[in-house]
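Dear colleague,

Please find below the structure that I am handing over to you.

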Amino acid sequence: MQSIATVFRRGGIIIGDSTTAVYPPGVDDIADIIYTEADRFKAQPIQSIAFPGATIAQQKTYWLANTQRSSVAWVTVQIGLNEMNPAVSTTAAVIAAYQDLIDTIRADNATCKIYGLTMTPAYEDWAPAAWDPTLAHARWVALNDAIMGRGSSPITGLNRVSEVHTFSM
């Protein structure tokens, strides 16, 4: 089994929304976290296609437009906060869109490692956005559970999942 450092050195793509986007969009900050100075010269690039406000469907479009998608060693996916408005769609539709994104990544690159990361807490942002906070939170819990492989519609095709960052916030 390869260490995570070895996998990350082979280059990858970060998919996400404002919680994972680099300001301004780019990769230097992310590379600084993952690579040592010596590794930066040997390592493959890390691309962030995470953008503030991005939906799962938009991230799928960014993925499909990326010319590196079939050759990267890993992909991290931390997305979904922009789908928490209960007035826009159903929880089942959001989980299905997330699963479709994972299936698309896997179809484009069967050997890459896909890391699913749960969404960070955003409960205090839903009422000012005129979303029903109780229903939005229930959707947030359901999608995070699905990412972790729990619930009635677990997300499949992820190599690893993590929720430790969610609990620390």
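**Findings**

D145 has a relative accessible area of 25% and is therefore partly exposed; this term covers the range between buried, under 20%, and exposed, over 50%, computed with a 1.4 Å probe on protein chains only. Please note that this is a predicted model, in which local features need pLDDT of at least 70 and side-chain atom pairs count only at pLDDT 80 or more, while totals for chains, interfaces and linings use all residues. Residues are numbered from 1 along each chain as its sequence is written, and side-chain values use heavy atoms, with hydrogens and water left out.

**Salt bridges**

What does D145 meet in a salt bridge? The partner of D145 is R150, and their side chains come together at 3.0 Å, N to O. A salt bridge is defined as a side-chain nitrogen of Lys or Arg within 4 Å of a carboxyl oxygen of Asp or Glu. By this rule there are four salt bridges. R150 is partly exposed, as its relative accessible area is 34%.

R150 also forms a salt bridge with E163, at 2.9 Å from N to O. This pair links distant parts of the chain, 13 residues apart: E163 belongs to the loop between β5 (160-162) and α8 (164-167), and R150 to the loop between α7 (133-147) and β5. E163 counts as buried because its relative accessibility is 18%. Through shared partners, the salt bridges join D145, R150 and E163 into one network.

Another salt bridge brings together the side chains of D108 and R69, at 2.9 Å from N to O. D108 is partly exposed at 25% relative accessibility, and R69 is partly exposed at 23%.

**Overall fold**

How many helices and strands does the secondary structure of the chain hold? It comes to eight helices and five strands. Along the sequence, these elements follow the pattern α-β-α-α-β-α-β-α-β-α-α-β-α. The chain has 169 residues, of which 41% count as buried. Of the contacts (heavy atoms within 4.5 Å) with a separation of 6 or more, 76% are between residues 24 or more positions apart.

The five strands form an open sheet with parallel pairing, in the order β2-β1-β3-β4-β5. Two strands pair if DSSP finds at least two bridges between them. At the edges are β2 and β5, each of which pairs on one side only. On average, neighbouring strands of this sheet are turned by 15 degrees against each other, direction ignored; axes are lines fitted to C-alpha atoms, for helices over the stretch in contact, and angles run from 0 to 180 degrees between N-to-C directions. Strand β1 (residues 12-16) pairs with β2 in the parallel sense over three bridges, and I14 stands opposite S48 in β2.

The structure holds one aromatic pair. Rings of Phe, Tyr and Trp (its six-membered ring) pair if their centres lie within 6.5 Å; planes under 30 degrees apart count as stacked, over 60 as edge-to-face and the rest as tilted. The pair of F51 and Y62 is edge-to-face because the ring planes stand at 70 degrees, with the centres 5.0 Å apart. It links distant parts of the chain, 11 residues apart: F51 lies in the loop between β2 (46-48) and α4 (56-65), and Y62 in helix α4. F51 is partly exposed at 29% relative accessibility, and Y62 is partly exposed at 30%.

A54 is placed in the loop between β2 and α4. With a relative accessible area of 1%, A54 is buried. Leaving aside neighbours within four places in sequence, A54 is in contact with G16, D17, Q59, Y62, I79 and N82.

**A residue in helix α5**

Q99 is found in helix α5 and is buried, with a relative accessible area of 14%. Leaving aside neighbours within four places in sequence, Q99 is in contact with P154, I155 and T156.

Yours sincerely,
A colleague

Note on methods. Helices (H or I, at least four residues) and strands (E, at least two) are DSSP runs, numbered from the N terminus.
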